[in-house]
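I'd like to walk you through one structure, going from a whole chain down to a couple of single residues. Here it is on the screen.

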Amino acid sequence: MNPFSSGTRLRDMIRAIRACKTAAEERAVVRKECAAIRAAINENDQDYRHRNLAKLMFIHMLGYPTHFGQMECLKLIASTGFPEKRIGYLGLMLLLDERQEVLMLVTNSLKQDLNHSNQYIVGLALCALGNISSAEMARDLAPDVERLLQFRDPNIRKKAALCSIRIIKKVPDLAENFMHPASSLLKEKHHGVLITGVQLCTDLCKVSSEALEYFRENCIEGLVKTLRDIANSPYSPEYDIAGITDPFLHIRLLKLLRILGQGDAGASDCMTDILAQVASRTESNKNAGNAILYECVETIMSIEDNGGLRVLAINILGRFLSNRDNNIRYVGLNMLMKAIMVDAKAVQRHRATILECVKDSDASIQKRALELVYLLVNESNVKPLTKELIEYLEVSNQEFKGDITAKICSLVEKFSPAKIWYIDQMLKVLSEAGNFVKDEVWHALIIVISNASDLHGYTVRALYRVFQASTEQESLVRVAVWCVGEYGDMLVNNVGMLDIEEPITVTESDAVDAMEVAIKCQRLGLTTKAMALIALFKLSSRFPSCSERIKDIIVQNKRSLVLELQQRSIEFSCILQKHHNIRSALVERMPILDEATFTGRKAGSLPTAVSASSIIPCNLPNGIAKPAAAPIGDLLDLSSDDAPPAPVSSGGDFLQDLLGVDLSPASAPSGTSQSPKTGTDVLLDLLSIGTLPPVQSSSSAIDILSSSHDNKAPVANLNGLASHSSLSANATSPASSAGMMDLLNGTGAITQKHEENGPAYPSLVAYESSTLRMTFNFSKQPGNPQTTFIQATFTNLSPNVYNGFLFQAAVPKFLQLHLDPASSNTLPASGNGSITQCLKVTNTQHGKKSLVMRIRIAYKTNDKDVLEEGQINNFPRDL
Amino acid sequence: PLSKPAQTQIYQIRFESVELFVNEGFKLSKYKYRNRSAATAAEIRIGIPASVLSENPDFYLDFFFRLLSRMIHFVLLISRQGKVRLTKWYSPYSQKERTKVIRELGGVILNRGPKLCNFVDWRGFKVVYKRYASLYFCMCIDQDDNELEVLEIIHHFVEILDRYFGSVCELDLIFNFHKAYYILDELLLAGELQESSKKTVARLIAAQDSLVETAKEQASSISNIIAQATK
């Protein structure tokens, strides 16, 4: 006898485990049991195999590893007796899942058991197959299961039917084999067989249109008759639930009828009578009855149009909505969400009740109702509904605020009838729940404000008011700070007063006070403080009377412990003291931000937006006249900007650099730190706002640049707003820092570059990291504007040789890409040579969309595999 | 994405149909969903025209999987203390995912108040739960499934357990957990309901129990004979 074998019974083990007071004790008991079981497995102990497996299952349920017992399941299944097989199959289903290769070994036993003379053993095998079969097993055993659909005992037939569902889900090609046996199951009287047979037919319809047609032609009348019989059947105790005979069968029949009726007027006609009967005569005082009604409503809404029935269905939903049972209300909301696509008007009638549900105390109901309200909004009702939602926002609990804020912002953005209304609503949301607002929302607000030139004064004053009231909501503070920086003069002079406004007296020093508050407030984050600092810097030229005070505040921040603020204040004060001649140009008001490029950018990040709310009413008939803001077809077409195309390699890069887009910590050393520490270096730093998120940096940088390069500003702002474009890989090249100096000296570096590049397409540093640079040279054949030949040149910037160099590229569907072999796969170190590779790109949407490309570069250096990836979307526009 | 096979790609999506290429272990299976309603439903669900979906297939894949398989994904019995009393997985979940699911759901469900509805939205699925004494019975279903019916199925299961054990309690399910599994296997298969008659389930379980009893008696009588013969 094995010394470890405790020989305890299952019951004793469970008791011992339950008696444990601590997790450590429990682990000890389990460890001891597992050791005993392992020992028994090693000894190939047959007497206690089933007991050991039962113990393992319990241990498994507690969450301990039990993989060592998997083979024991197979051994038990292979033994002859029913008890062993029963526990073996149970273990198989519990301890294994379909992805384990061990499972393949059981196929043979399963096949034998499916043909066993004992029907209970056949049942066990079917059950296991149905629950965990993989595609291979399904393929191998499908003929046996198909045969069992005609087995003499109904209990095997029903198991075989469900097993077939698993098989056709795994291997849809097999669907046709099951079509005829499945349809004969529909004629049975045994409820189990009927339920499973109907289910099988439903799933067959989903995977095979042939099956769908077949059932439509041959089975509808039979199904309608079955449903009628069951609905009219007298009390039968075996199947009765709350006075209804077999609601499960009801529901499955309704489901199958739904699939058959969808898109087929004839089939739909056949079932209208029975649907009307079920909808009007089913008792709705118990859950079972409501479950049937719920299913019936869905079927009515899904089959081909029948006005009378739909009225009946919508009325049932109305009743659901006013039911006191939370479950019923929940499913009512759920179904209304689907009904809205069929009959939006009818759903609108329940708007008031739905709004009440948004305020329910049950989070599940709140969430559903909010989604439904979101779908209900259209141009005509956006104002009252938004008002309701914002009012509710004030009292809603914290967990729900995020959801509701996101929905309000999206609605306001989509349906806003006027800019002033949009701004007003956004201010309300920001002051109520600004901390829940996503960055792109307040970015969008700033862009709208920038575009509404007649509302600048109004907005800045409104923002100033709410800012004075509270600085709790950070994104509100950011927008306010930005606006005060830009439009501070309008705040003070009451420029552009609207009739609805109350006059407000703000002195210059009040405005500076406000910025000082933002800088000094402990709660506010670095980004906000940096924005406030920039705003102050801007105000220094707007408010000459306060410039001394502003200088003081900036000087105070020279001692800031936060490096970013410290550096910035040093730079700013340097400008204030030494560079009077350029200051006023640097701090001029920003050019109007381009809405189109921003929405284009947003389209690029669309997938995340989609995941945030799984239902996006793109094509819902609730009166959305406007198409979705961004053409989704442009998903990859990130560079759909209207910016001047030419100076991409020189000026464009240079601007990006300025904006700090690429100065993510990783690439920062490659650019800036290499340039000599001259006086201009300070400015270079100033303009390339370090590690800050790019948006607020763009506000300063663009502004600074705008005087000299108004026409480039859209590019700049575009890049600034695109927070995480992989474009950022482009690092500062010496050329661009030279350009910088030129700029400061007042010579037009960019135009100069422009000319140098000549009439052909400029070459482009398409990708650059600290270790590698890739340059593209473009050419086209005359007469074939769609096709571009690109010569890619790779240069190694590191001191190590790269081996096994491999460049890969991917393009969206509207482009075709052909890659020629590379000139070599070894890239010498330190730029002593290069690899060239030719690409041919054909743009099927030439003139409409620009090129865009994802790249991946793999190589080996110092025996390490390196993978670099990036996206190129700064191709010249007209390629 | 829990139920997503290891390597999957959407091969083609047109308005009228959905075709998936699924790499299942060693073999590549092609899944065709030719009916229009699946594609349209997907379109409505995702809110993006089907023609565009093909541009970003990975992202939309999960939606399709949810859309195309309507069933019970798993059954979970948790005690009020958060102890697992029964788990049954009808969709593929790795061991790690299972632990995570149980922990996550336990946290959500055990913390819900008593008067709230019995449904929880969870990772794009719905979990229907019901409390009986100290036990929570949970079933995870797809977004479009009938929640009210699943509540009935849970109740159906509980009634069968009740009949089998004679007013069932948590201890019955602990010490006879395997019996609870046998009953569940007679009730659900492949994530679908198998039998709507409580009597039939009881009869089938009883018949199999008696098979086991007979086998045991035989075994003990044989060992008696051997014991006597060797004396």
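Let's begin with chain B, which has eight helices and ten strands. Please keep in mind that this is a predicted model, and the values I quote are computed from it.

How much of chain B is buried? Of its 231 residues, 59% count as buried. As for the surface, chain B exposes about 9,400 Å², and 54% of that comes from carbon and sulfur atoms. Then there are the contacts: if we take those in chain B with a separation of 6 or more, 46% of them link residues 24 or more positions apart.

Now for some backbone detail. In chain B, look at the loop between β9 (188–189) and β10 (192–193), where you'll find Ala190(B). What is phi there? For Ala190(B) the angle is near 55°, a positive value in a residue other than glycine. And is Ala190(B) buried or exposed? Its relative accessible area is 5%, and the cut-off for buried is under 20%, so Ala190(B) is buried.

Let's move over to chain A, to the loop between β1 (240–241) and β2 (244–245), which holds Ala242(A). Here again we have a residue other than glycine with a positive phi, near 50° for Ala242(A).

Technical notes
Residues numbered from 1 in each chain as written. Chains lettered and ligands numbered in written order. Predicted model: local features only at pLDDT ≥ 70, side-chain atom pairs only at ≥ 80, totals over all residues. Heavy atoms only, no water. Helix = DSSP H or I, 4+ residues; strand = E, 2+ residues; numbered from the N terminus. Buried < 20%, exposed > 50% of the residue type's maximum accessible area, 1.4 Å probe, protein only. Contact = heavy atoms within 4.5 Å. Areas by Shrake-Rupley, 256 points an atom, 1.4 Å probe, with all protein chains shown as cover.
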